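My notes follow, in the order in which I looked things up.

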Amino acid sequence: MSKLVFPFAVTTDRVEQTEAFGARLARLVLDDASLPRYVALAGNLGVGKTAFVRGFASVIAPGVAVRSPTFALVNEYRAAGMPPVFHFDMYRITSEDDLYSIGYDDYLDRGICLVEWSENVPYAMPDEFLRVLIEKTDPSEPDTRRITVTSEHSSRLQGENDVYSFT
Ligand SMILES: Nc1ncnc2c1ncn2[C@@H]1O[C@H](COP(=O)(O)OP(=O)(O)O)[C@@H](O)[C@H]1O
Ligand SMILES: [Mg+2]
């Protein structure tokens with residue numbers, strides 16, 4: 001499995017290719033302990049965030065059903081001998097109280113977190129994470145997506161004195 005150099009960008013033309021790229025990132029994260037185990041997914045509704053998670057989770061827990069946890073807020077995908085995957089959807093999260101009510105902090109070190117709509121909870125980001133931005137690039141190509149992966153550092157994004165930094 002070749003390493004990715006960040007930022008890394010790929011174009012997909014079908015949902016299966018987005019799933020396959022999710023699977024590729026999962027294998028990289030499993031193989032390389034230096035990579036963050038927190039993936040923030042960004043992009044508009046219907047762009048393919050859950051599809052990416054489906055591919056990622058297929059490496060950890062083959063055959064598991066992956067759905068957007070919009071109402072549950074978090075789904076867990078588990079298989080023997082693998083780190084669990086925690087699939088969050090922050091679409092309805094409006095405050096830190098909401099996060100605490102689902103025990104968010106307790107998930108962070110126990111598995112791999114894949115987080116849809118993390119834009120809603122900038123204060124909840126760990127110090128280091130991968131950001132996967134999925135975008136439609138061309139209205140005349142409805143199935144084409146640009147996926148850009150960057151390696152992020154919260155302290156750099158938010159500034160040293162930010163009251164929200166998680167330490
Ligand atoms: N290249 C592509 N990558 C991902 N999804 C695609 C692609 N082309 C079409 N689609 C479709 O876009 C939709 C993405 O839905 P979903 O993954 O639930 O989005 P999100 O979680 O971002 O709201 C699916 O219906 C999927 O079939
Ligand atoms: Mg979704």
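I started with the largest nonpolar core, which has 36 residues; Val39, Phe52, Cys113, Leu114 and Val115 touch the most other members. By nonpolar core I mean a set of buried Ala, Val, Leu, Ile, Met, Phe, Trp, Tyr and Cys residues joined through C-beta atoms within 7 Å. For burial I count C-beta atoms, placed from the backbone: a residue is buried with 20 or more others within 10 Å of its own, exposed with 12 or fewer, and partly exposed in between. Two or more residues of this core come from each of helix 1, strand 2 (38-42), helix 2, strand 4 (85-89), strand 5 (112-116) and strand 6 (128-136). Helix 2 gives the largest share, six residues. Helices (H or I, at least four residues) and strands (E, at least two) are DSSP runs, numbered from the N terminus.

I then picked Leu114 and skipped its neighbours within four places in sequence: Leu114 is in contact with Val39, Leu41, Val53, Phe56, Val85 and His87. Contact means C-beta atoms, placed from the backbone, within 7 Å.

**Provenance**

The model is predicted: local features need pLDDT of at least 70, side-chain atom pairs count only at pLDDT 80 or more, and totals for chains, interfaces and linings use all residues. Residues are numbered from 1 along each chain as its sequence is written, while chains are lettered from A and ligands numbered from 1 in the order in which they are written.

**Helix 2**

How many of the 12 residues of helix 2 are buried? I found 10, so helix 2 is largely enclosed by the rest of the structure. Among them are Phe52, Val53, Phe56 and Ile60. The buried residues of helix 2 pack against helix 1, strand 2, strand 3 (74-77), strand 4, strand 5 and strand 6.

**Ligand 1**

I looked next at the 18 residues around ligand 1, of which Thr18, Gly48, Lys49, Thr50 and Asp143 come nearest. Near means a C-beta atom, placed from the backbone, within 6 Å. Helix 1 (15-31) and helix 2 (49-60) each supply at least two residues of this shell. Lys49 and Thr50 also turn up on my list of buried residues in helix 2.

**Whole chain**

Last, I stepped back and counted five helices and seven strands in the protein chain. Along the sequence they run β-α-β-α-β-β-α-α-β-β-β-α. I also noted that buried residues make up 32% of the 167 residues. Of the contacts between residues at least 6 apart in sequence, 66% join residues at least 24 apart.

Methods:
Two residues are in contact if their C-beta atoms, placed from the backbone, lie within 7 Å.
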